[in-house]
Structure formats: structure tokens, C-alpha cells
Amino acid sequence: MFNLKKSGVPAIFILLLFVLTAGCGNKESAQPPQQTVTDGMGHQVNLPAEPKKIIASYLEDPLLALGIKPVAQWSVKGGNVQEYLRSQLEGIPAIPSNLPPETVLSFNPDLIILRPEAAAQESQYEQYAKIAPTFVLSKEDADDYKKTIMKMAELLNKKEEAKKALDVYDRKAKESKDSLRKALGDKKVAVLWLTKKTFYVVNGNVSSGAVLYGDLGLNKPNLLNSLPDSKANWVPVSLEKLAELDADYLFLVNYDKGQAGNLEEDLWRNIPAVKNGHVYEIPSTSSWLYNGVIAAEKIVDDVTKALRP
């Protein structure tokens with residue numbers, strides 16, 4: 001037994017040493033422990049306790065909603081980024097959408113989160129996993145923007161932030177849903193994307209389709225029910241097939257603005273929404289092609305502004 005009296009060291013200093021040691025121990029134990037989780041491809045992933053440098057390509061929307069900025073942001077065609085997130089990602093360098101491993105390495109990430117299509121091949125995953133712990137979302141989580149943010153919140157210890165973001169969005173969506181139901185009744189609404197003279201109709205379960213038909217409860221046109229099941233967010237449809245579109249209101253994301261072609265065809269002009277002047281053109285820089293809470297909120301604003309009296 002250590003004897004304070006015989007040691008010759010003032011008792012107060014010994015007690016102070018004990019207090020400091022205990023404090024250090026409590027501080028260390030307060031650090032969130034590293035956790036091992038199973039990702040959507042079945043990999044066991046050791047997540048860092050507090051990642052500081054995250055690459056989550058094409059998942060920047062949920063990451064920002066959780067209050068986290070990535071070290072690099074998704075881009076295509078020489079640096080074109082998700083414009084609707086530009087102000088929130090100001091100053092964040094771009095990374096090509098195909099995520100070249102050498103470019104990923106240059107950012108020295110301590111965590112990589114991927115959508116399933118970004119790690120479709122095991123060899124791709126192995127390259128990323130050598131750089132940093134790499135978690136691949138399941139297709140089920142990746143296809144549902146609410147499940148996406150909840151899964152990412154689970155990985156990043158941000159569940160409260162995710163709940164708050166979803167609660168705010170759900171309140172906004174419900175208010176708009178109630179007002180739109182009164183204004184539109186049983187009228188039908190469609191969303192089309194026109195690019196390179198090809199029309200695409202939104203899958204009713206993802207992207208802007210999930211917002212319009214799920215969150216806002218708007219009625220789908222018959223065309224969506226007659227198309228074959230597709231794993232894609234946007235399904236190509238011929239102009240002849242589009243002539244069957246019985247939509248009363250139509251939102252058009254037009255990448256071909258200023259080009260002659262499909263919008264001058266009689267088949268297009270005979271669609272009820274077109275005939276009655278109920279076509280609302282959405283800028284190609286909008287959030288309508290993307291998944292995420294921030295994107296969904298902007299879509300709700302656009303729909304409400306266009307359709308509510």
C-alpha cells in the first residue's frame with residue numbers, strides 16, 4: 001500500500017495526479033468506438049469512429065443534409081456538378097463520376113461510401129478498400145432516398161440529424177399534399193426528361209417520381225402502369241408511345257432547349273397537358289433528376305409553385 005505520509009510527497013499532489021489520470025481515462029472512453037458493419041455487398045467493414053475526410057460520390061445530398069461536407073464532389077463531362085448543390089459545395093473539388101482509384105487516393109479519404117453501381121465489380125471494390133474503409137449501400141437503400149439518409153446516418157452517428165431533416169421535409173410535403181389535393185382533384189401529373197431528342201419518363205418509385213406520386217400523392221398517368229418494370233430511374237419511351245400519355249399536367253426537364261425536333265410533332269401537341277397549355281418546363285440544372293432530401297424539398301417547391309392556385 002502506498003503511504004502518503006512516508007512518501008514525502010504532499011498528499012495534495014498525489015490526489016491531483018489521480019484526478020488527472022481518471023479524467024484522461026474518461027475522455028478516452030467517451031470517444032465513439034470503431035464499429036464493424038456489413039455493407040450491401042456483404043463485406044465486413046471497420047468504420048472509423050469519427051471520419052473527417054469522406055468521399056460519397058453521388059451521395060452528397062444526404063451527406064449535406066446530415067451536416068457533413070465531403071472532400072470531393074461527384075462530377076461528369078469535365079467537371080459538371082450537381083448544380084442544385086453548388087452553393088453548399090462551394091470550394092469542394094470535383095471528382096469524376098467513375099471514381100478513378102488514383103484520384104480517390106489523392107484525396108486521402110478515411111471513409112468511402114458508394115452506391116451499388118459504383119462498385120458493381122468486386123475488383124473495383126477491392127481497389128477502393130485498399131485506400132480506405134469502403135461501405136457499399138444496398139440497392140434497396142440506394143433507391144429510396146429516405147432509407148439512404150437513414151443508413152448513412154447510422155454509419156456516421158448522425159441519427160438525430162437525419163430525423164430532424166426528414167421531419168422538416170415531411171411537414172412541408174404534407175402541407176403541399178393537402179393543398180394540391182384540393183386544387184387538382186383526380187387530375188393526372190407526369191414528369192418527362194428530354195435529352196438528345198429522346199424522351200424518358202420518370203420511374204414512379206424513385207427520384208422526382210417518388211416525390212410526386214409518393215410524398216405528394218399525385219395521380220399517375222396510365223402510361224406509367226403500362227410500361228415494363230425497369231431498374232432505371234428514367235425509362236426511354238418512344239414518341240408514339242408518348243401519344244398515349246393522358247396527363248393533365250406535365251413537367252418537362254428539357255436538355256434539348258432551343259433544338260427543333262420532338263416538341264414540334266403533332267403526336268406531342270395532342271397530349272392533353274400540351275394541348276391545354278399545362279406544360280411546366282424545369283431547368284436542366286434543377287434537382288429533378290436526383291435523389292435526396294434536399295432535392296426532394298426543391299421539387300416540392302417547384303410543384304407547389306406551378307400547380308397550387
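1. In this predicted model, L192 has L252 of strand 11 as its bridge partner, and V191 stands opposite F251, which also belongs to strand 11.

2. Strand 11 spans residues 249-254 and is mostly covered, with 6 of its 6 residues buried. Y249, F251 and V253 point one way from the strand, while L250, L252 and N254 point the other way, and all are buried.

3. Strand 11 is also joined to strand 12 (residues 279-282) by 4 bridges, and the two run parallel; here V253 has I282 of strand 12 as its bridge partner.

4. These strands belong to an open sheet of 5 strands, in the order 10-9-8-11-12, whose pairing is mixed. Strand 10 (234-237) and strand 12 stand at the edges with a single partner strand each, so one side of each is left without a neighbour in the sheet. On average, and with direction ignored, neighbouring strands of this sheet are turned by 30 degrees against each other.

5. Helix 9 lies across strand 8, strand 9 (198-202), strand 10 and strand 11, and runs at about 165 degrees to strand 8. The helix, which covers residues 207-215, is mostly covered, since 8 of its 9 residues are buried; among them are V211, L212, Y213 and D215. Just after helix 9, G217 takes a positive phi of about 65 degrees.

Key: Residues are numbered from 1 along each chain as its sequence is written. This is a predicted model: local features need pLDDT of at least 70, side-chain atom pairs count only at pLDDT 80 or more; totals for chains, interfaces and linings use all residues. Side-chain values use heavy atoms; hydrogens and water are left out. Buried means under 20% relative accessible area, exposed over 50%, partly exposed in between (1.4 Å probe, protein chains only). Two strands pair if DSSP finds at least two bridges between them. Axes are lines fitted to C-alpha atoms, for helices over the stretch in contact, and angles run from 0 to 180 degrees between N-to-C directions. Contact means heavy atoms within 4.5 Å.
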